Amino acid sequence: MPEQQIAADAAQTGQTAADLVAQGASALSGGAAEPWYALGPLIDKGGPIVTLLLVLSVISAAVILLKIFQFWTAGLSRRTFVDPAVERIEAGDLEGSLRIINKHRTPLARAMAAGVRAKIRGDLRDEDVASEIARVGAVELGGLQSYFRWLEIIGNVSPLLGLLGTVIGMIQAFQKLEEGGSKVDPALLSGGIWTALLTTAVGLVVALPAITALNLFEGKVDQVRLAMRDASARVIAGLHARPGSSRVKAAQ
């Protein structure tokens, strides 16, 4: 008898579980509520602030993709030409060094080429050559840093916009609560708070990728800046070491 009772209970439990699974599947396929991150309900509940945040997210994504493509095509990591070019400079072959550098279309190569080209045009001082490399290098770095301000603005403003939307939503929720008087519906308050907090969540979601990408891009630009400083110093040192330079003659 106990075994039969246990079997009956198990069968009933299994039937109940099957019914629950069937109900869950039906809900998922049909009448389930859309998640909070669905675009339609997001705009409907968040209002104009969420719409503005979505526009900022599109701008941020476009800038990030643009910078990734720019950095990839610029070949910022290609520096194998520096050593052969400096060796040619030390040997006194400025034209040969320039030919090696001109084979590469990178910001570092253009900065080095400007210094070597300036030296070829005339017997300039080391300070003038270094200034020419720094001038062209600044222009190249400025191009790499373009649109960084957009990412910075989006990263800083998006959380504030989300917070503003939350404050406005809380004000509206408590206004409805006041209008209800003594007949307060807790669902009304909780729904208003939920909708208000939605804008903060969207603001953070928009800001995080923008800030992360900005820091990664700035780190890459810093690496290029250091490489330009190193190349400038090596070009100047190579000009000192080349045959026929004033310092070599003075040492002799």
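1. The largest nonpolar core contains 45 residues, and Leu108 and Met112 have the most contacts inside it. The model is a predicted one, and the points below should be read with that in mind.

2. Seven helices each supply at least two residues of this core: H2, H3 (82-90), H4 (94-102), H5 (107-121), H6 (126-144), H7 and H8. Helix H8 gives the most, with 15 residues. As general background, nonpolar side chains in soluble globular proteins tend to be buried together.

3. What does methionine 112 touch, leaving aside residues up to four places away in sequence? The contacts of methionine 112 are Phe81, Val82, Ala85, Ile101, Ala231 and Val235.

4. Two aromatic pairs are present in the structure. In one of them, the ring centres of phenylalanine 71 and phenylalanine 217 are 5.4 Å apart and the planes stand at 65°, so the geometry is edge-to-face; the cut-off for that class is over 60 degrees. Phenylalanine 71 belongs to helix H2 (residues 39-74) and phenylalanine 217 to helix H8 (residues 186-241), and the pair links distant parts of the chain, 146 residues apart.

5. The other pair joins phenylalanine 148 and phenylalanine 217, with 6.1 Å from centre to centre and 10° between the planes; this pair is stacked, since planes under 30 degrees apart fall in that class. Phenylalanine 148 is in helix H7 (residues 148-180) and phenylalanine 217 in helix H8, so parts 69 residues apart in sequence are tied together.

6. Taken together, the ring pairs link Phe71, Phe148 and Phe217 into a cluster. Phe217 takes part in the edge-to-face pair with Phe71 and in the stacked pair with Phe148.

7. On the surface, Leu66, Tyr147 and Trp150 make up a nonpolar patch whose accessible area is about 320 Å² together. Of these residues, leucine 66 lies in helix H2, the helix that also holds phenylalanine 71.

Note on methods. Residues numbered from 1 in each chain as written. Predicted model: local features only at pLDDT ≥ 70, side-chain atom pairs only at ≥ 80, totals over all residues. Heavy atoms only, no water. Phe/Tyr/Trp six-rings, centres within 6.5 Å; stacked < 30°, edge-to-face > 60°. Helix = DSSP H or I, 4+ residues; strand = E, 2+ residues; numbered from the N terminus. Patch = residues over 30% accessible without salt bridge, like charges linked within 9 Å, V, L, I, M, F, W, Y side chains within 5 Å. Areas by Shrake-Rupley, 256 points an atom, 1.4 Å probe, with all protein chains shown as cover. Salt bridge = Lys/Arg side-chain N within 4 Å of Asp/Glu carboxyl O. Core = buried A, V, L, I, M, F, W, Y, C linked by side-chain atoms within 4.5 Å. Buried < 20%, exposed > 50% of the residue type's maximum accessible area, 1.4 Å probe, protein only. Contact = heavy atoms within 4.5 Å.
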